[in-house]
Amino acid sequence: MVPVLKTGVAKTTASSNLAPSAKKGGFMSVKLDLGLAESFISKDELAAKRSKADDAYIKLPKMDMTGWLVPDENVLPRITKLANKIKSNSQVLISIGIGGSYLGAKAVTEAISGEGVEVVFAGNSLSSKELQRALDAALDKDFAVCVISKSGGTLEPALAFRIFRKALVEKYGEDEASNRIFAITDAKKGSLHDLAVEKGWEMLAVPDDVGGRFSVLTAAQLLTIAAKGVDIKELLAGAKKASTDKKCLENAKNYATARHLLYKKGKKIEILSSFEPSLQYLAEWWKQLFGESEGKNQQGIFPASVSFTTDLHSLGQFIQDGERDIFETVLKVEKSAAEIIIPVDDGNGDGLNYLAGKTLSFVNEMALIGTKKAHADGSVPVIEVVLPEITPFNLGYLIYFFELSCAISAILFGVSPFDQPGVEAYKNNMFELLRET
Ligand code: PA5
């Protein structure tokens, strides 16, 4: 049998995954590199617009819905207690929510493996097939349901919750079903709030002053993340660090400034690319964050994402050579959670022995460097955001960095980062049709 040569394969777990830098007190911040965008925007333009970003940041704390600016660690003990309760009586947690009540937890739990319960997300579409898949994943196991809706009335999660509540009652009876429901919603109002109070379910409040897409580091998403076994204390510690780190603020202002200038030069689409597939849902979260915050008044940068190198074999052609209205933000991870060494092959039939002894991460890094250069040569400005390693601490920091950048960026566009009036249009049509039938 030919042995698979693996050395130093580090399994990513909640504890082993903690950044030594964070744990030992040393700290490497998320970095921003505008080098491959600088030929598209002059230093003078950057400096002039940058002062507008400074102004935007001064305005920010005076605005409503900015509770996320100061990450709140006070919620940790209660969330940890509830997560432990879920872990003690369930194999599966059904996490029901959509948009900002879903994507943050999905992003973090995809990026970092934990040793908690299996988390199955539901209520983020109206697809019967998807809901059936979630039911199938839960019904023959012990399960709990965490329903998240700030308004308490969003149709997709409300319908999924109704169906899962029935399943819980059928499996466990009323009392035990109630013991397995965790409602995360407004502290005072809404139909989910009222139902939870009436039934006596465990409740957590989504802070009044934090909107859905900015709520990943609040009770809204932390219970799901903790039940999955991800270290939420470290996640919040990273965000807290970012909130007081001058470098983070500087980078957020520079990122917002650069993307705004690129937009003014006709680069209307920003593609977030990553060479780590486990960050694919972080990109989904990022798309919601920027898209819903900024796309208003017939303007805004359209946020798109690609997962490389997979998508170099599908969208790579377009990015290299298609319509030149895009810029790219590469989310680079410096240190991989696992290392695999490429083995020597006696026959060298595939001609790849020149790579023997090198790590797959090294090849991935060369692909990243080569891709950045190719895209910049093809008139795609490239911004780089560098994460030292995927850890809860660093993710908390990165999430905060993107939230801050996004808020500054939306203010530069002259729109409120915290509302989403456009989302109502499809709902009005849908409800009219539903009531007609
Ligand atoms: O960012 C937002 O505010 C939205 O994406 C909401 O999170 C999403 O519509 C879900 O709303 P709710 O939590 O009220 O069910």
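## Basis of the report

A polar contact is here a pair of N or O atoms within 3.5 Å; within protein, one must be able to donate a hydrogen and the other to accept it, and residues adjacent in sequence count only if both atoms are side-chain atoms. The model is predicted: local features need pLDDT of at least 70, side-chain atom pairs count only at pLDDT 80 or more, and totals for chains, interfaces and linings use all residues. Residues are numbered from 1 along each chain as its sequence is written, and side-chain values use heavy atoms, with hydrogens and water left out.

## Ligand surroundings

The ligand is surrounded by 13 residues, a residue being counted as near if one of its heavy atoms lies within 4 Å of the molecule. The closest are Ser-101, Ser-149, Ser-151, Thr-154 and Gln-288.

A polar backbone atom of Gly-100 is 2.9 Å from a ligand oxygen, and a backbone N or O atom of Lys-150 lies 2.8 Å from an oxygen atom of the ligand. Ser-151 contributes a polar side-chain atom, 2.7 Å from a ligand oxygen. Of the 380 Å² that the ligand exposes when taken alone, the protein buries 87% (accessible areas by the Shrake-Rupley method with a 1.4 Å probe; for residues, only the protein chains shown count as cover).

## Overall fold

The chain contains 15 helices and ten strands; these are DSSP runs numbered from the N terminus, helices being H or I of at least four residues and strands E of at least two. The C-alpha trace spans about 65 × 65 × 50 Å along its principal axes.

For 437 residues, a compact globule would have a radius of gyration near 22 Å, and the 23 Å of the chain agrees with this. The radius is taken over C-alpha atoms, and the globule rule is 2.2 Å times the number of residues to the power 0.38.

## The parallel sheet

An open sheet with parallel pairing is formed by five strands in the order β3-β2-β4-β5-β6, where two strands pair if DSSP finds at least two bridges between them. Because β3 (118-122) and β6 (202-205) each have a single partner strand, one side of each is left without a neighbour in the sheet. Neighbouring strands are turned by 20° against each other on average, direction ignored. Axes are lines fitted to C-alpha atoms, for helices over the stretch in contact, and angles run from 0 to 180 degrees between N-to-C directions.

Five bridges pair β2 (residues 92-96) with β3 in the parallel sense, and Val-92 stands opposite Glu-118 in β3. Helix α7 (residues 191-199) lies across β4 (143-149), β5 (181-185) and β6, at about 140° to β5; contact here means heavy atoms within 4.5 Å.

## The mixed sheet

Another open sheet of five strands has mixed pairing and the order β1-β10-β9-β7-β8. Its edge strands, β1 (31-36) and β8 (302-307), each pair on one side only. The twist averages 25° from one strand to the next.

Strands β7 (residues 269-274) and β8 run parallel and are joined by six bridges; Ile-271 has Ala-304 in β8 as its bridge partner. Helix α11 (residues 280-294) lies across β7, β8 and β9 (326-335), running at about 175° to β8.

## Backbone exceptions

Most residues other than glycine have a negative phi, and most peptide bonds are trans. The peptide bond from Phe-308 to Thr-309 is cis, with omega near 5°, and Thr-309 lies in the loop between β8 and α12 (316-321). Asn-348, in the loop between β9 and α13 (360-377), has a positive phi near 50°.
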